[in-house]
Amino acid sequence: MGPNTRSAVRVSHLVTITSDFGESDGYVAAMKGAILTINPAVRIVDISHQVASFDVMDAAFVLRQAVGYFPADTVHLVVVDPGVGTSRRAVALRYNDQTFVGPDNGLFALLLGDEKPSELVQLDRVDAYRTGTPCDTFHGRDIFAPAAAHLASGRSLADVGSPIKALRPLLWALPIDDDQGIRGWIVHIDHFGNCITNIPRDLFTRRRNGRAIKCYVGNTILGAVCTVYGEVAAGEPLLLFGSQDFLEVAVNTGHASNLLQIRRGTPVNVVFLEDR
């Protein structure tokens, strides 16, 4: 073994799983079992299994909240796969010193944005790392989980797939802005009912330029941006920038989505008011 060989082997023994499978069935456990059968030493972390069904944009949003906090060489298994069994590709890739495994349906393109993976392969060497014939409707268990387990154990991307040039493209829907205001919409609703928009803090601050605002969200009108939820009384709605620096609509100790009848896709119109 050469002096640099050992340092080049990536062994994390850490796999995260993100899916839209929910927790009432055995699908997630089956994937974990497939991983642990290959390598019982792997540590498994669940990011979320409550991603909106078949929604790759929701999955990408959830992943963006979490993956940057994991150590180098973590393997992220992502199974939100409405095209399972079709001609969509199964892929693995390296990005920011971490590894991702899942379907090539636009999800990873959303996660990376304008950046490119440092390595990208199509998982076309299934026979090299698993036995049996994969089920056409459960690639999460039969293709992606075994690939993730082997990658977390030190195998290279070249061991599990062949190089390809690019991911399937998919772009985030961006807000529309001018000097009078910003039009966006709700892209995610979290466990607490906070309704997160696609309006980033930097765009809002630059366009606002210190002016007062009115924000129209469904049937609700809000006029101030708070720093924390507790700036308003319990049960009162508010605007603030959350931990991902996107504008969100919330209710202090309440569920904004239910109380204000806001859903994913609800328009959000921020109007900048001129001084009088």
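Let's start with a charged pair: Arg88 and Asp81 form a salt bridge, with 2.7 Å between the closest N and O atoms. Both of these residues are buried. Keep in mind that this is a predicted model.

Why would such pairs form? Side chains of opposite charge can pair when their charged atoms come close.

How many salt bridges does a search of the whole structure find? The count is 10. I'll take a few of them.

Next, Arg207 and Asp177. Their side chains meet in a salt bridge, at 2.7 Å from N to O. Arg207 sits in helix H7, residues 201-208, and Asp177 in strand E8, residues 176-178, so this pair ties together parts 30 residues apart in sequence. Arg207 is partly exposed, because its relative accessible area is 23%. Asp177 is partly exposed too, at 27%.

Now Asp245 and Arg201. Here the closest N and O atoms of the salt bridge are 2.9 Å apart. Asp245 is in the loop between strand E14 (237-241) and strand E15 (246-251), while Arg201 is in helix H7, so the bridge ties together parts 44 residues apart in sequence. Asp245 has 37% relative accessibility, so it counts as partly exposed. Arg201, at 36%, also counts as partly exposed.

Salt bridges link Asp179, Arg211 and Glu274.

Last stop: Thr16. You'll find Thr16 in strand E1, residues 14-19. Is Thr16 buried or exposed? Thr16 counts as buried, because its relative accessibility is 0%. What does Thr16 touch, leaving aside neighbours within four places in sequence? Its contacts are Val45, Ile47, Phe70, Thr74, Val75, His76 and Leu77.

Technical notes
Residues are numbered from 1 along each chain as its sequence is written. This is a predicted model: local features need pLDDT of at least 70, side-chain atom pairs count only at pLDDT 80 or more; totals for chains, interfaces and linings use all residues. Side-chain values use heavy atoms; hydrogens and water are left out. Helices (H or I, at least four residues) and strands (E, at least two) are DSSP runs, numbered from the N terminus. Buried means under 20% relative accessible area, exposed over 50%, partly exposed in between (1.4 Å probe, protein chains only). Contact means heavy atoms within 4.5 Å. A salt bridge is a side-chain nitrogen of Lys or Arg within 4 Å of a carboxyl oxygen of Asp or Glu.
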